[in-house]
Every structure is written in C-alpha cells, then in structure tokens.
Amino acid sequence: MKKMGGGVAAAVVALAATGVLAAVTLSGGEADAPDARVITIPSSASTAPAASTGTSATVPTTTAAQAYAAAAAAAVPAATATSTSKVLPGINISGGEFGGTGGKLGTNYIYPSTAEMRSYAAQGFKLLRVPFRWERLQPNLYGPLSEVDRKALKSVVTQANALGLTVILDMHNYGARQVKGSAALVGSGTLATTALTNAWVKIMEDYRSNPKVWIGLMNEPNRQTAAQWWAIAGQVTKDIRAQKISNKLLIPGTAWTGAHNWVSSGNAAQAVKFVDPGKNYAFEVHQYLDAWSTGTTDKCEVKAGQRVNAALTWAEKYKVKLFFGEIGASGQPQCAKEYPDMLRRLKTSSAVLGWTAWGGGAWWAYDYMFRLQSRTTTPTAHMKLLLANMP
C-alpha cells in the first residue's frame with residue numbers, strides 16, 4: 001500500500017443552496033490518486049446554528065460570530081508577548097475554495113470578513129493565506145477575470161493590508177483545473193503552462209509590486225513528477241518576472257509539497273536548480289502530524305514534530321527560505337506534545353520565513369478538528385496551541 005501524499009488540505013467543504021446536497025471533499029489519498037473521497041450530506045446542515053458532525057459545515061449565526069470576536073479579544077495578551085523571532089505567523093482562512101468550481105458567492109463559497117481578519121490581526125498573526133479556485137477567478141482559459149471574484153478578493157486585500165496583514169493569494173487547485181468540463185493537469189496538452197502564467201499575470205494586475213501581497217503559485221500539486229512540476233514552476237516564474245511582477249513567490253513542490261518527504265520525493269533535488277530572476281521567493285511546504293502527514297485525522301503520531309527536520313536541514317544548507325503554508329493539530333493529547341515541538345523547530349530555524357495554520361474560516365463545522373474560530377469565549381484546541389507557541 002502506498003503512503004499518502006503529505007501536506008494535504010484537510011477538507012474542502014461545499015455549501016449548496018437550500019434543497020441541494022452539499023459535499024465534503026477530503027483532499028488527499030494516495031499520491032497517484034485524485035481527491036480521496038466525497039461524502040454527501042443534507043443541505044440542512046448549512047443553516048444549522050448548533051454544532052454539526054465532523055463531516056458537515058455550518059454557517060455561524062451573528063451570535064457565534066460575536067462570540068468569536070470576544071474570544072479573540074480575550075486571547076490578545078497571550079499572542080502579543082515580546083519575541084525576537086523573525087518567523088511570521090499566519091492563518092489559512094478558507095471559503096474561496098469551497099463548493100466545487102461554480103456556485104454563487106455568499107451561498108456556495110465566501111471570502112473572509114473584516115471582523116475575522118481584524119480578530120486574527122489582534123491576536124498577533126501577520127499573514128493571511130486566502131484560498132481561491134482558478135476556475136472561479138478565471139472561468140475560461142486566457143479569458144478575463146470574473147468581476148465578482150476579482151472585486152471580492154481586492155476588497156479582502158485592501159482591508160487585510162490596512163490591518164497590517166500580508167495576504168497570500170492561494171490558487172487552491174492541486175496542479176490542475178477544469179477545462180470544458182474535464183479535469184486537466186497543468187503542463188498537459190489541454191492545460192499548457194502558459195495558461196497558469198496568463199492567470200497570474202491578470203490576477204496580479206491589481207497588486208503589482210505591492211509587497212504585502214504574495215503569490216501562492218499553486219496549492220499541493222501531486223500528479224506531476226518532480227521533474228515535470230519543477231520545469232513548470234521555473235517557466236511560470238520566469239514568465240511572471242518578465243511581466244515586471246516583483247511580488248514574493250511561494251513555490252510548492254509536487255507530492256502534495258510535504259515537508260516530511262521533501263527530500264525523498266525528489267523535490268529537494270529539483271529545487272536546488274530553481275531560479276527566480278526576481279530573487280524574491282520561498283519554497284512552500286506543508287506538514288500535518290497524523291500517520292501519513294495528510295491532515296485527514298485528529299491523531300498526532302509520536303515524534304511527528306520531528307518530521308520537518310530533513311527539510312529544515314536541507315534549506316539551511318542551501319541558504320533558502322521555507323514557508324510552511326499549511327500546518328495543523330487537534331486537541332488530541334499527543335498533539336499537545338508534537339505540535340509545540342514542531343512550532344519550536346520552525347521558530348528557531350534560520351530557514352523558515354513563516355507559517356499559516358490551517359482551519360480558519362467561518363464555514364468549517366464547529367467540531368472540525370483544526371477549526372480556529374471559536375463559537376464561545378474559549379479559543380479552540382488548535383488556537384490554544386498556536387497562541388501558546390507564537391514566534
């Protein structure tokens with residue numbers, strides 16, 4: 001049996017309109033397989049204010065949102081302790097990748113609210129990773145951007161920057177996208193590398209040279225070989241820079257860009273040959289602490305916090321920066337040991353630019369194992385671990 005690819009986003013939740021089924025997609029599975037499974041749930045879950053099952057999503061009520069804001073305010077003292085670390089802490093705030101490739105903004109998917117962003121900024125977080133779907137932002141290859149999503153993202157960036165947050169625009173597509181109703185891999189005959197460049201050039205027209213907007217080139221490629229993916233990443237980088245776009249680039253590897261297998265997957269060998277003409281980049285890796293590093297269970301394995309060691313040693317040797325785009329842990333007892341251990345390793349490594357923890361966003365189920373937004377004045381188990389181990 002093949003081991004699962006590492007750094008897999010724990011779940012992508014789709015909320016449908018009343019009377020339609022919603023789906024929860026657990027991304028991951030074997031490294032040569034598409035998304036692991038899709039579970040359908042009644043759409044009534046999308047409006048239930050009470051805690052739901054672990055595989056459903058709920059839209060929080062105003063009361064719940066207010067409770068979260070209160071919890072954030074109460075946590076500020078713990079999050080703002082003096083630190084000499086240069087590692088930037090941050091949050092993944094999901095919503096823009098929910099609900100498949102179509103749907104209606106506000107019904108099937110969302111972007112973060114000002115209240116959410118303000119709360120995270122108040123707690124000491126500096127980075128905001130905002131996932132979106134390529135198909136939504138650019139419905140047709142080489143075509144114009146969707147004005148609805150373009151305006152929504154621009155509003156998020158404006159508000160986040162005003163709060164002192166740097167925004168990472170995360171194309172949450174796993175190295176592929178839908179083309180005329182069928183899935184296509186970047187670099188294939190159906191989805192040329194130039195299409196990815198075209199999308200990013202158009203997206204970045206609104207943020208050109210804004211140092212507080214970073215390009216998350218692609219979330220968790222996993223079907224291309226290391227040689228194939230790094231040729232794509234190198235070419236897109238070169239072409240983006242040729243358009244005078246100087247923003248920081250976050251470059252993932254293939255094999256779900258896991259930190260634990262960064263060397264064994266072939267990513268490390270390819271990454272040493274990577275060239276950014278703009279010299280403003282970091283390599284993006286992801287790391288979860290369950291048995292297969294997938295982020296699909298709440299369990300943390302003994303010594304899982306050490307899985308980042310090989311990637312850190314490699315990066316320190318070659319004097320390059322790593323950005324941990326997804327990390328997460330639950331309230332399971334072993335996680336209280338392993339997660340702080342990993343966070344300490346990231347905090348003290350000269351190779352680490354920053355990290356963004358997975359599980360922010362109002363539409364996660366209240367009992368979702370990595371949820372960061374609380375419905376009470378008490379921070380969630382995941383948030384408690386983060387606040388106690390901020391850089």
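## Glu135 and Arg133

Glu135 pairs with Arg133 in a salt bridge, their closest N and O atoms lying 3.4 Å apart. The term covers a side-chain nitrogen of Lys or Arg within 4 Å of a carboxyl oxygen of Asp or Glu. Both Glu135 and Arg133 are buried (under 20% relative accessible area, with exposed meaning over 50% and partly exposed in between; 1.4 Å probe, protein chains only).

This is a predicted model, where local features need pLDDT of at least 70 and side-chain atom pairs count only at pLDDT 80 or more, while totals for chains, interfaces and linings use all residues. Residues are numbered from 1 along each chain as its sequence is written, and side-chain values use heavy atoms, with hydrogens and water left out.

## Arg150 and Asp206

Arg150 and Asp206 also form a salt bridge, at 2.7 Å from N to O. Arg150 sits in helix α4 (residues 147–162) and Asp206 in the loop between α5 (193–203) and β9 (213–216), so their contact links parts 56 residues apart in sequence. Helices (H or I, at least four residues) and strands (E, at least two) are DSSP runs numbered from the N terminus. Arg150 is partly exposed, at 27% relative accessible area.

How many salt bridges does a search of the whole structure find? There are eleven, and one of them joins Arg129 to Glu284, with the closest N and O atoms 3.0 Å apart. Because Arg129 belongs to strand β5 (residues 127–132) and Glu284 to strand β11 (residues 281–287), this pair ties together parts 155 residues apart in sequence.

Arg129 and Glu284 are both buried. Through salt bridges with shared partners, Arg129, Asp170, Glu284 and Glu326 form one network.
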